[in-house]
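Here's a quick briefing to read alongside the model.

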Amino acid sequence: MAEMVEPNYRKVMPHPASPSNTKTIIIIDSDPSKDVTTSAILQGYQHNPQEAWLPITESRNGNTFFAAFHLLCSGIGLQALLLPVAFATLGWAWGIICLSLAFAWQLYTISILVRLHESVLGIRYSRYMHLAIVSFGGTCIILIITGGRMLDLIFKTLCDRDAICHAKSLTNTEWFLVFTCLAILIAQLPNLNSVAWVSLIGAITVVLYSTLIWALSITKDRPIGISYGQSDKLKSNMEKFSDVLNALGIIALAFKGHNVILEIQGTLPSSPKQTSYKSMCTGVTISYIVIAMCQYPLAIAGFWAYGNKVPYSGGQGLLTAFSQIHGPNTSKLIMTAIYLLVLVNCLCTFQVYAMVVFDNLEVRYTSKKNQPCPRWVRTCLRIFYGGLTFFLSVTFPFLGSLAPLVGGATLPLTFSYPCFMWIAMRKPRPNGLVWFINMGLGCFSIILTILIVIAAAWTLTDKGLKANFYKP
């Protein structure tokens, strides 16, 4: 979905439909005091809703800081706690090299997406449309699983073995439902810009809990028998190769949020004189400096503190290691604070990813009715989505254990598709340097995706998976 910006007229002019059955509607403003008016080129729909009706582009009053809040909240999460698991396979040198290469590569693809947002003068591409529901739906399911388990851990930390507290804990399914209800209650905020302060809270909490975990880990005694070398020398070459690919999948999973870049940039104001490019670049720079300051200490300090003792089952990595090894000797206040920070971050991150799904759902309604969603329809759509993700989280509560497989399967969203998009839209000279760089990175990412998915599937087949359907 794209939007055109035109000055100095006030008419609604339908463009002739293109051969691809795409309709274009331009809204132009004649007031000379206004530099910008909004016009929408809504592609691929039989009826084209106005951009102002949809949650992503309903408000264009964002700024650099709002963009940075969204980027931080969506760009780092519990997946970063699994980085020490990758280091346990790759070792110090290759772990740092692979993490740094992946960080640089994903920054490059972010720069591609930011440039493509307004790559054609006057047209804004504000959605990663076709991938959104699958990608963000999966993310929200994992957030419900994680958030529900954090609620359970908070309760058990405060009440278990406490003579004063006689309350009985809820089941995991009930905790999932509590988290979903809280998330959908917050999700009644109308648009992505209105979620900016929620994203700020999410950004603060992720920085706090990641810093607390690695800082506390290095101040405690290291467990006996940890190893920093590649373990299990008796493994076959195939097993070792599979472990390396699984480690790369974990590193790939640590970098997320690319499929919300266009949506975040779509909330920023733009005019022919000043596009959203500079504001977005500043937001990206600020947020990814902070992300690097979180991810590298988690990977390096976490690996130093626990070596090969960090589990990836459950998807919480370093948090699980700290809770199991040092949790009994850490005060209830600190443990509760860590779990609470993770819980709040999950609630906040849910809002950013879910808003994109809400936008997609509302596109269907507004396309059919040719009018904005009434408040009750918007509320019903969001409750429906919350119920659907809750049902899927109860159905697949083991998704966190599939980290390498999920990392491999979603790798193209971060590392591959933006490179191919650049070639398709900017059309660099065939066989030129820019063409070779983007084609090479895109193809290499696809090959790596196939290898990682095969290796992860082979590992699951070999070691087995506790697929506890409907038993969270």
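Glu-362 and Arg-378 are both buried, where buried means under 20% relative accessible area, exposed means over 50% and partly exposed is in between (1.4 Å probe, protein chains only). This is a predicted model, in which local features need pLDDT of at least 70, side-chain atom pairs count only at pLDDT 80 or more, and totals for chains, interfaces and linings use all residues. Residues are numbered from 1 along each chain as its sequence is written, and side-chain values use heavy atoms, with hydrogens and water left out.

**The charged network**

- The side chains of Glu-362 and Arg-378 meet in a salt bridge at 2.9 Å, N to O; the term means a side-chain nitrogen of Lys or Arg within 4 Å of a carboxyl oxygen of Asp or Glu.
- Glu-362 sits in helix H10 and Arg-378 in helix H11, so this pair ties together parts that are 16 residues apart in sequence.
- Glu-362 also pairs with Arg-382, and here the closest N and O atoms are 3.5 Å apart.
- Through shared partners, salt bridges join Glu-58, Glu-362, Arg-378 and Arg-382 into one network.
- The Glu-58 link goes to Arg-378, with 3.2 Å between the closest N and O atoms.
- Glu-58 is in the loop between strand S4 (37-41) and helix H1 (64-75) while Arg-378 is in helix H11, so the pair ties together parts that are 320 residues apart in sequence.
- Arg-378 counts as buried at 10% relative accessibility, whereas Glu-58 is partly exposed at 29%.
- The count of salt bridges comes to four.

**Helix H11**

- Buried residues in H11 include Arg-378, Arg-382, Tyr-385, Gly-386 and Phe-390.

**The nonpolar core**

- The largest nonpolar core has 106 residues, and Leu-81, Phe-179, Tyr-209, Ile-251, Met-280, Leu-319 and Phe-350 touch the most other members; such a core is a set of buried Ala, Val, Leu, Ile, Met, Phe, Trp, Tyr and Cys residues joined through side-chain atoms within 4.5 Å.
- Helix H10 (residues 332-369) supplies the largest share of this core, 17 residues.
- Leaving aside neighbours within four places in sequence, Tyr-209 is in contact (heavy atoms within 4.5 Å) with Gly-77, Leu-78, Leu-81, Ile-338, Leu-341, Val-342 and Asn-345.

**The surface patch**

- Met-238, Phe-241, Ile-447, Leu-451 and Trp-458 form a nonpolar surface patch with about 460 Å² of accessible area together; patches take residues with over 30% relative accessible area and no salt bridge, joining like charges within 9 Å and nonpolar side chains (Val, Leu, Ile, Met, Phe, Trp, Tyr) within 5 Å.
- Three of the patch residues, the largest share, come from H14.
- Met-238 lies in helix H6 and is partly exposed, at 42% relative accessible area.

**Whole protein**

- The protein has 14 helices and five strands, which are DSSP runs numbered from the N terminus (helices H or I, at least four residues; strands E, at least two).
- Of its 472 residues, 53% are buried.

Methods. Accessible areas come from the Shrake-Rupley method with a 1.4 Å probe; for residues, only the protein chains shown count as cover.
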